Amino acid sequence: MNDKKIAFIYCVNNRALYEESVRYVKSLHVPKGYEIEFIAIEGASSITSGYNQGMKKTDAKYKVYLHQDVFIVNKNFLYDIIALFEKYPKLGMIGVAGAKTIPKNGVWWESTQRFGKVYDSHTGEMKLLSFKETELDYEPVQAIDGLIMITQYDIPWREDLFTGWHFYDLSQCQEFLLASYDVGVVRQNEPWCVHDCGIADAKNGFDNDRKKFIDV
């Protein structure tokens, strides 16, 4: 693995959104001696299969799996994630929003122990979605939201189980936890990301995947 490389991995079905997201990444401050690369997986049958393809296409130690409608606004993003991973070898994966506990129904955002923040438009208007603050560099959690998932180790995504567009994030969190790594929500003074997702559509297989996640 190349520990001086950061790969940004996307499942893409909208080139305009993807290119806008890439423009934001290209405006980030890059630490000296490091390189970034972009991997766009088009035509994936599921997020898990697309992310597995992307993982195999790069030798980068650090991988940022993100939605094509996510725009990273923290200019020091690369410095921040590298510093965290170097300081905490046990920290396998980080995100910007998540939950310390997963309710029995599997819906993380209904947890009473939510952390993190992000600018988000799932209600139909862009506004700050803000949960509990952590005093730590990162808050160890059971789940992070899949809008952005940043890793320093490779664990295969469960494309054998999750064959659509939901619960790839929570299932991957469980894989990291089972491998004895921490999953964390990072401390953010200001939100690191804007997620311009629009009104959420939970009809395309959400409930089937939710039941699958609960049963596994």
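Strands (E, at least two residues) and helices (H or I, at least four) are DSSP runs numbered from the N terminus.

I worked on a predicted model, where local features need pLDDT of at least 70, side-chain atom pairs count only at pLDDT 80 or more, and totals for chains, interfaces and linings use all residues. Residues are numbered from 1 along each chain as its sequence is written, and side-chain values use heavy atoms, with hydrogens and water left out.

**Strand β12**

I then checked burial (buried is under 20% relative accessible area, exposed over 50%, partly exposed in between; 1.4 Å probe, protein chains only). Five of the five residues of β12 are buried. D182, G184 and V186 point one way, V183 and V185 the other. In a regular strand the side chains alternate between the two faces of the sheet.

**Positive phi**

I noted two residues other than glycine. F167 has a positive phi of about 65 degrees and is found in the loop between β11 and α4. Is F167 buried or exposed? It counts as buried because its relative accessibility is 5%.

**Nonpolar cores**

I took a core as a set of buried Ala, Val, Leu, Ile, Met, Phe, Trp, Tyr and Cys residues joined through side-chain atoms within 4.5 Å. The largest has 31 residues, and F8, V64, I72, F77, I148 and C193 touch the most other members. Its largest share, six residues, comes from α3. Apart from this core lies another of 23 residues, including C11, I39, M93 and F115.

For C193 I listed contacts (heavy atoms within 4.5 Å). Beyond four places in sequence, they include V70, F71, I72, V118 and I148.

**Largest pocket**

I searched a 1 Å grid over the protein atoms alone; a pocket is an open set of points where a 1.4 Å probe fits, with protein on both sides within 12 Å along at least five of seven lines, and lining residues have an atom within 4 Å of a point. Of the 42 lining residues, H67, W165, H166, H195 and C197 are the closest to the centre of the largest pocket.
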